[in-house]
Amino acid sequence: MRVPIFDLKVTDKILKQELLDATSNVLAKGRLFLGEEVEILEKKVSKYLGVKYAIGVSSGSSAIYLALRASGIKTNEEVITTPLSWIIPSNAIVSAKANPVFADVSNDFNIDPNSIEAKITKKTKAILPMHYAGHMCKMNEIMKISKKYNLRIIEDAAQAFGASINKKKAGSFSSAAGFSMNPMKIFGGYGEAGIVVTNKKSIFEKLKILRHAGTTSDYKKVITNNCIDISLNHKMDTLNAALLLVSLKHLRKKKKRTQQIAKYISKNLNQNIIYQKTSKNEIHGRYVYPILVDRDRDKFRNYLASKNIETKIFNYPLIYNAPAFKRFKKEKLPMAENLLSKSLIIPCHHKLTDNQVEYLVKTINEYFR
Ligand SMILES: Cc1ncc(COP(=O)(O)O)c(C=O)c1O
């Protein structure tokens, strides 16, 4: 039996028809960027997340970059972030001309609030936490730090659509937050897409301008070059928005199935290798399922491959060890180093059948017996 780590094929007949209908509808209307579907999606997403404003952009990368820009992060200011992440949050900080400062993580893979506080200097302007795999960062503690030192929070919520603590959703804790809707994500579309959310009208207004090459352009107006802030094109195209609206219709079902599988894995897998324990008041976004393998991770990975179970190692190397980031490395961060050397992503997505999930858990448990 094969257990794939992701499966992006569209096999459901109803879903496929809805996607084709949405596509032909957009093609017939001919508004191929910033069409009404983008605005409908923005309204639905802001309602779903409990935030005032959402703005559709061309990728999660653009979303995080624009969230930083619109939050007023300036040249040479410091933004404290995690080294254990896909490279984008750090690339976004440097692209916004600020400097990333790396804090260590806790054993749940998320940035450690104590380490954040130890890294604050006079130049610190913001904290950029990333909810690893969809597991919420300790946002209450991070918010306390941000208030104490008057720092902005910009969430990288790319992996955490719908995750929450005490019913407050990821993305609603910060001045602005970025989500990715690339096809692998829990609320994934069928191409590259992202969304920025904020509760502040001034940030929302700024985001609209930054999304559109820094101009006040409006397709109905003649003036198109009224550039008031340098930026590039980050617009979401209408086809993506229309397909995401179809995705949104199916999201509840998809999330329910993924959560059910995650729950089965958490209950039945050897408890020594599970490291993202969630508290009662948390809903895990469940982008992926990371485990920690204390000894010979690569040997274990080969064993799973021999049993037709796909796995992935995420985020190698740590960001501060990537060639372009060595200049920002101040010290080795022990927990991040340790987790990266032992972590492995195992399959956990809505397309898996009960048989596949049982086989996955049984095969892993047999190895550790
Ligand atoms: C943590 C994190 N940040 C940012 C992004 C960027 O999103 P996108 O691929 O939509 O540009 C991703 C995408 O995988 C991500 O995992």
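**Entry 1: the two domains**

I looked up how far apart the domains sit: the centres of domain 1 and domain 2, taken over C-alpha atoms, are separated by 24 Å. The contact between them takes 32 residues from domain 1 and 28 residues from domain 2, where contact means that C-beta atoms, placed from the backbone, lie within 7 Å. I noted that domain 1 covers 13-246 and domain 2 covers 251-368, with bounds that come from an automatic or database domain assignment.

A reminder to myself: this is a predicted model, in which local features need pLDDT of at least 70 and side-chain atom pairs count only at pLDDT 80 or more, while totals for chains, interfaces and linings use all residues. Residues are numbered from 1 along each chain as its sequence is written.

**Entry 2: the nonpolar core**

Which residues have the most contacts inside the largest nonpolar core? I found Leu66, Ala67, Leu68, Ile195, Val196 and Val197, in a core of 100 residues. Such a core is a set of buried Ala, Val, Leu, Ile, Met, Phe, Trp, Tyr and Cys residues joined through C-beta atoms within 7 Å; buried means that 20 or more other C-beta atoms lie within 10 Å of a residue's own, with C-beta atoms placed from the backbone. Helix α8 (residues 238-268) gives the largest share of this core, 8 residues. The core lies between domain 1 and domain 2, because both give residues to it.

I then picked out leucine 68, which touches Ile73, Ala92, Ile93, Ala96 and Ile154, leaving aside residues up to four places away in sequence.

**Entry 3: around the ligand**

I counted 16 residues around the ligand, and Ser59, Gly60, Ser61, Ala158 and Ser180 come nearest. Near here means a C-beta atom, placed from the backbone, within 6 Å. Which element gives the most to this shell? My answer is α3, with 3 residues. Helices (H or I, at least four residues) and strands (E, at least two) are DSSP runs, numbered from the N terminus.

By class, I listed 6 nonpolar, 8 polar and 2 charged residues in the shell. Ala, Val, Leu, Ile, Met, Phe, Trp, Tyr, Cys and Pro count as nonpolar, Asp, Glu, Lys and Arg as charged, and the others, Gly among them, as polar.

Last, I traced an open sheet of 3 strands, in the order β7-β6-β10 with antiparallel pairing. Its edge strands, β7 (168-169) and β10 (282-283), each pair on one side only. Two strands pair if DSSP finds at least two bridges between them, and β6 (residues 164-165) has 2 bridges with β7. I also found that serine 164 has lysine 169 in β7 as its bridge partner.

Note on methods
Two residues are in contact if their C-beta atoms, placed from the backbone, lie within 7 Å. A residue is buried if 20 or more other C-beta atoms lie within 10 Å of its own, exposed if 12 or fewer, and partly exposed in between; C-beta atoms are placed from the backbone.
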